[in-house]
Amino acid sequence: MIWLVATLVVFYSMRYLAMKIRNPLFNPLLISLIILIAALRWLQVPYETYFADNEIINYLLGPAVVALALPLYQQLPLIRRKWKTILSACFVGSILSMTFGTGIAFLMGADAELAASILPKSITTPLAMAASQQIGGIPAITAAMVIIVGLFGAVLGYPVMKLFRIHHPLAKGLSIGTVSHALGTAKAVEEDYKEGAFSSLALVICGIMTTLLAPIMFPILEHLFFH
């Protein structure tokens, strides 16, 4: 269980430093990943060994997601009033996320398999991998893209919104949850309870929408950008 202890020590140390430094670029998850990957490479420890030691953390991901239902329940009155706005924002965000990611991949010379792997990059990993496989992508590449996109959202999401003077909790939460799934939602929860609730709501809605729309969107995007 040495790697479980190492993971917890590194993450909570970086989280403590992040609270002191207060710089969005100093993301505890990103820094922890860099440190742990470097340690695994240096000590030549296989990923399977690391994962086996940390299996309990992977198991706790399920209850952690379910726990997000509490802040959602507390925001039900606002959700009822703004449900049209929420669904519209999630729908547009899902379409744009799929379009820009896949379109850029095609324009840069990616083949259909790689582009399909990139299309569902902005939703949570299990749904993204299923959607990727459904449209002919490579789930392993999709999983890597999900992590990269989540880290970008967690690190740069709030500075970008501050730059554009976006202050409303609903707008900020939906934006983060739409484009950077669970990693962004974790950052939103740290920033503001309401924003975390709306981010988790967007995470769920956009995950469902992207999974349903991916088989329709990919052939359209392939025709527009690849042929």
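Analyst: The largest cavity has a volume of about 40 Å³. A cavity here is a set of points on a 1 Å grid over the protein atoms alone where a 1.4 Å probe fits but cannot get out. Grid points are joined across faces, edges and corners, and the volume is the space filled by probe spheres set on the points. With a threshold of 30 Å³ or more, the count is one cavity.

This is a predicted model, where local features need pLDDT of at least 70 and side-chain atom pairs count only at pLDDT 80 or more, while totals for chains, interfaces and linings use all residues. Residues are numbered from 1 along each chain as its sequence is written, and side-chain values use heavy atoms, with hydrogens and water left out.

Now the lining, meaning residues with an atom within 4 Å of a point. For the largest cavity it consists of Gly93, Ser94, Ser97, Met98, Leu119, Pro120, Ser122, Ile123, Thr178, Cys206 and Thr210. Five of these residues are nonpolar, six polar and none charged. In this scheme Ala, Val, Leu, Ile, Met, Phe, Trp, Tyr, Cys and Pro are nonpolar, Asp, Glu, Lys and Arg are charged, and the others, Gly among them, are polar. Helix α7 (83–107) gives the largest share, four residues. Both α7 and α12 (193–225) supply at least two. Helices are DSSP runs (H or I, at least four residues), numbered from the N terminus.

Next, helix α11. A kink of about 140° is centred on histidine 181. That bend is the angle between axes fitted to the seven residues ending there and the seven starting there. Histidine 181 also has a positive phi of about 40°, although it is not a glycine. Its relative accessible area is 3%, so it is buried (under 20%; exposed is over 50%, partly exposed in between, with a 1.4 Å probe and protein chains only).

Serine 199 lies in helix α12. It is buried, because its relative accessible area is 0%. Leaving out residues up to four places away in sequence, serine 199 touches Gly173, Leu174, Ile176, Gly177, Gly184, Thr185 and Ala188. Contact means heavy atoms within 4.5 Å.

Arginine 165 sits in the loop between α10 (139–163) and α11. Its phi is positive, about 60°, although it is not a glycine. Arginine 165 is exposed, with a relative accessible area of 69%.

Key
On a 1 Å grid over the protein atoms alone, a cavity is a set of points where a 1.4 Å probe fits but cannot get out, and a pocket is an open set with protein on both sides within 12 Å along at least five of seven lines; lining residues have an atom within 4 Å of a point.
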